[in-house]
Each structure stands twice: as C-alpha cells, then as structure tokens.
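Please look at the sequence and the structure together before reading on.

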Amino acid sequence: MYALHDDIVALATLPGKSALSVIRVSGKNAGSIYKKITKKTRVPKANLAHTSYVYNYQVNRKIDFALLTYFKGPNSFTGEDVIDLVRSISV
C-alpha cells in the first residue's frame with residue numbers, strides 16, 4: 001500500500017514514438033534520488049537545466065546521458081521538490 005506522501009517516479013510523456021522522453025521524480029526525497037543517479041554531491045541550482053550521466057547506482061554502471069532540471073517545492077509542478085530527466089530518443 002502507498003502512503004500519501006511517498007515519492008513518485010513516473011513517465012511524464014506519452015509512451016510511443018516521440019523525440020523526447022521525460023521521467024519526473026516528485027517528493028521529499030527527489031534530491032537524494034538525484035544525487036544517487038548522477039553521483040553528484042549536491043542538487044543543482046533550481047530551475048536551471050544541465051546535462052549529466054545517469055547511473056544505475058546499485059551496480060555502479062552508466063546507463064544514460066540526459067538533461068536534468070531541479071524544481072524546488074513549493075514552486076514546482078507538484079508543489080514538492082521535482083527532478084525532470086529528459087532524454088532524446090534516437091530513431
């Protein structure tokens with residue numbers, strides 16, 4: 001069962017053929033999730049996009065390169081801390 005204030009990680013774009021794919025992380029642990037998947041020691045400055053490698057932190061392997069944006073709550077889409085991870089799809 002899910003609690004009301006659990007973090008959410010979900011696809012924010014429609015599945016199927018498109019130029020971009022966006023994954024949104026929302027919740028109080030968005031910053032720590034960001035640090036785990038990017039191996040950074042701090043969350044980025046809010047509302048600025050930057051690029052970073054994305055890692056599977058469990059096996060310490062690079063899995064992607066993406067554009068990431070951090071939105072600090074309550075000034076975000078959900079009112080919570082949000083990380084948007086955007087990757088382009090190669091066709």
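**Salt bridges and strand pairing**

Lys72 and Asp81 form a salt bridge whose closest N and O atoms lie 3.5 Å apart, a salt bridge being a side-chain nitrogen of Lys or Arg within 4 Å of a carboxyl oxygen of Asp or Glu. Lys72 is partly exposed at a relative accessible area of 42%, whereas Asp81, at 15%, counts as buried (buried means under 20% relative accessible area, exposed over 50%, and partly exposed in between, with a 1.4 Å probe and protein chains only). The model is predicted, so local features need pLDDT of at least 70 and side-chain atom pairs count only at pLDDT 80 or more, while totals for chains, interfaces and linings use all residues. Residues are numbered from 1 along each chain as its sequence is written, and side-chain values use heavy atoms, with hydrogens and water left out.

A search of the whole structure finds 3 salt bridges. One of them joins Arg24 to Asp84, with the closest N and O atoms 2.7 Å apart; this pair links distant parts of the chain, since Arg24 lies in strand β2 (residues 20-26) and Asp84 in strand β5, 60 residues apart. Strands here are DSSP runs of E with at least two residues, numbered from the N terminus. Arg24 is partly exposed at 25% relative accessible area, but Asp84 is buried at 8%.

Asp84 also stands opposite Thr69, where strands β4 and β5 (residues 82-88) run antiparallel, joined by 5 bridges; two strands pair if DSSP finds at least two bridges between them. Asp64 and Arg87 meet in a salt bridge at 2.5 Å, N to O, with Asp64 in β4 and Arg87 in β5.

Key. Helix = DSSP H or I, 4+ residues; strand = E, 2+ residues; numbered from the N terminus.
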